[in-house]
Amino acid sequence: MNEITYKEFMTTHKFKSFRSTEEALLQKECEVWLTLNGYKFVHVPGCIQRYIWGTGRGSVPPQVAVAASRYLKGVPDLLIYDKVTEGGPVRAWIVELKSERGKPTPEQLEWQGFGMRVVRSLDELMKVILCTK
């Protein structure tokens with residue numbers, strides 16, 4: 001795979017000043033880089049989680065909210081997958097995105113036992129992925 005460097009990414013996509021640590025912007029920045037480099041990822045947006053828990057617009061039956069809460073509470077921001085080479089191992093990363101001062105919740109910390117990494121910038125995400133290739 002032809003990796004795009006951070007500098008190329010920022011230059012090509014006019015994100016020169018897009019170095020935000022705010023989680024929503026960091027999420028988008030990481031998703032764009034992952035897409036451009038051919039990675040697949042799963043993200044359960046907070047709006048869907050809030051809807052299921054009944055704290056957003058609309059609501060779901062309480063029993064559905066309770067059941068979904070058990071499975072979604074603390075789910076990391078990104079589950080990232082790389083293509084598997086024939087006969088090679090599956091390569092995946094579990095990532096929780098946080099701002100500079102953001103702290104993972106106790107439910108999020110439970111994922112550390114499964115290899116979850118807390119990432120605070122696109123540079124950190126790139127290091128996590130590129131250094132484990």
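Let me start with a rule: rings of Phe, Tyr and Trp (its six-membered ring) pair if their centres lie within 6.5 Å, with planes under 30 degrees apart counted as stacked, over 60 as edge-to-face and the rest as tilted. Two notes on the source, then. This is a predicted model, in which local features need pLDDT of at least 70 and side-chain atom pairs count only at pLDDT 80 or more, while totals for chains, interfaces and linings use all residues. Residues are numbered from 1 along each chain as its sequence is written, and side-chain values use heavy atoms, leaving out hydrogens and water.

Back to the rings. By that rule we get 3 aromatic pairs. One of them joins W33 and Y39, and this pair is stacked, at 5.8 Å centre to centre with 20° between the planes. Now, why is the pair of Y39 and W93 edge-to-face? Because the planes of Y39 and W93 stand at 80°, with the ring centres 6.0 Å apart. I like this pair, as it links distant parts of the chain: Y39 sits in the loop between α2 and β1, W93 in strand β3, 54 residues apart. A word on those labels: helices (H or I, at least four residues) and strands (E, at least two) are DSSP runs, numbered from the N terminus. Y39 has a relative accessibility of 3%, so Y39 counts as buried; W93 is buried too, at 10%. Together, W33, Y39 and W93 make one aromatic cluster.

W33 also takes us to the core. A nonpolar core here is a set of buried Ala, Val, Leu, Ile, Met, Phe, Trp, Tyr and Cys residues joined through side-chain atoms within 4.5 Å. The largest one has 16 residues, and those with the most contacts inside it are W33, L34, I80, V95, L125 and I129. Two or more residues each come from α2 (23-36), β2 (78-82), β3 (91-97) and α6. Which element gives the largest share? That is α6, with 5 residues.

So let's look at α6, residues 122-130, where L122, L125, M126, V128 and I129 are buried. Seen down the helix axis, the buried residues of α6 fall within an arc of 160° (taken from the directions from the axis to the C-beta atoms), so they line one face of the helix. In helix α2 we find C30, which is buried at 0% relative accessible area. C30 and L97 lie 67 residues apart in sequence, and their C-alpha atoms are 9.3 Å apart in space.

On to charges. A salt bridge needs a side-chain nitrogen of Lys or Arg within 4 Å of a carboxyl oxygen of Asp or Glu, and the whole structure has 2. R91 and D82 meet at 2.4 Å, N to O, and both are buried. K98 and E96 meet at 3.6 Å, N to O; again, both partners are buried.

Last stop, the surface. V42, Y81, V84 and V90 form a nonpolar patch there, with about 350 Å² of accessible area together. Patch residues have over 30% relative accessible area and no salt bridge, with nonpolar side chains (Val, Leu, Ile, Met, Phe, Trp, Tyr) joined within 5 Å and like charges within 9 Å; areas come from the Shrake-Rupley method with a 1.4 Å probe, and for residues only the protein chains shown count as cover. V42 belongs to strand β1, residues 40-42, and counts as partly exposed because its relative accessibility is 39%. Thanks, everyone!

Conventions:
Buried < 20%, exposed > 50% of the residue type's maximum accessible area, 1.4 Å probe, protein only.
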